[in-house]
Amino acid sequence: MPFVRSRPSPVRRLVRLAVRVFGLPLAALALRLLRLTGRRAGVAVIYHTVSERTGEPADELVPPHGVDLFDAQIRHLRRKYDIVPSADLQAAAAARRRGARFPAAITFDDDLREHVQFALPVLERHGATATFFLTGATLDAPYSFWWERLQRAIDAGAPIPSRADGEAQVVARSAIRHVAWEVEWLAPVERTRFSEALLTAAGPDPADAGLRRAGVRRLVEAGMTIGFHTRRHDRMPPLDDESLAASLRDGRDDLADVVGSPLDVIGYPHGGADERVAAASRDAGFAVGYTTQEVAVTPESEPLLLGRLNPSYRSAGHFAVQLVRMLAAAHR
Ligand SMILES: [Zn+2]
């Protein structure tokens, strides 16, 4: 799930318009200057889902990027950056020389049919590779995670079961992130209970929820990388040692069997990881791990705690500015 954003003021809307119009040429100029330096850095970006429409971050937990916006952002990456597999980004950053393009990696989190339906055709059209971090929870049957059920229930105006012991209550769409934040930090058992209770309010999971084996294979055949996102999608830092080890193990081989090779890249659920999680992931055989901390990847980055950028929901111009700002802020 991506992060919180509130509704913009009129002034901010004007600034956004300016960035939309002038962002691409300004970012191109700044990028040209940055490329004159020997700065060794790269950027990874994290998408969740691509759809016909661009979603509203203020009241959608996983707002999609509209196909046209996604297409414009991938085109920008293709024109201005070297797109590399996520596992190779740090080495590509370290190998960068003065004047050369900066490397960039494209990633997706969560098991969604839209990966194949909307994202893949755009990636293939631009000859761009990407990594999809999957749980494998929907290889054989439809299943919605709790945040998807929560979105369906709130969109339908149905009462939401209490996170504590109170009564079910109707929740405004604008409060959805507040509820989600509470749920993220519940103990895994309580969160499972909440997710099951949500089914009454949300209705049954749609038949096309998730990504079946055929969809995963389609991604692999198209040259995409599959990484692990853990089977249960629990936030990892609060887990005890045993649960942490289990989260790195459960479901990993099932997914690797579908992929046809071991999974050695991990995208942490909710982007959350710390040094203990990184060490456990390394012990479990992962070579590279991605958080959602918005920092560039440099040779000095901890390989199991690499950052990723949340790409703009507004425009390709804003996205271009985001990329340059992240590179400019990178430690050298
Ligand atoms: Zn996720």
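**Entry 1: strand β6**

I started with β6, residues 131-134, in this predicted model. Both of its faces are covered. Thr131 and Phe133 lie on one side and are buried.

**Entry 2: neighbours of β6**

Next I looked up what pairs with β6. β5 runs parallel to β6, and three bridges join the two. Threonine 131 in β6 has threonine 107 opposite. I then followed the chain from β5 through α4 into β6; this β-α-β crossover is right-handed.

β9 also runs parallel to β6, joined to β6 by four bridges. Here phenylalanine 133 has glycine 227 of β9 as its bridge partner.

**Entry 3: the zinc ion**

Which residues coordinate the zinc ion? I found Asp110 through OD, and His229 and His233 each through NE2. The distances are 2.0 to 2.1 Å. The donor spacing in sequence reads D-x118-H-x3-H.

Aspartate 110 is in the loop between β5 (103-109) and α4 (114-125). Histidine 233 is in the loop between β9 (225-228) and α9 (241-249). The two are 123 residues apart, so the pair links distant parts of the chain.

Are aspartate 110 and histidine 233 buried or exposed? The cut-off for buried is under 20% relative accessible area. Aspartate 110 has 6% relative accessibility, so I count it as buried. Histidine 233 has 1%, so it is buried as well.

Terms used
Residues are numbered from 1 along each chain as its sequence is written. This is a predicted model: local features need pLDDT of at least 70, side-chain atom pairs count only at pLDDT 80 or more; totals for chains, interfaces and linings use all residues. Side-chain values use heavy atoms; hydrogens and water are left out. Donors are N, O and S atoms within 2.8 Å of the metal (3.2 Å for Na, K and Ca); water is not among the atoms, so sites may look incomplete. Buried means under 20% relative accessible area, exposed over 50%, partly exposed in between (1.4 Å probe, protein chains only). Two strands pair if DSSP finds at least two bridges between them. A crossover is right-handed if, with the strands pointing away from the viewer, the path from the first strand over the helix to the second runs clockwise.
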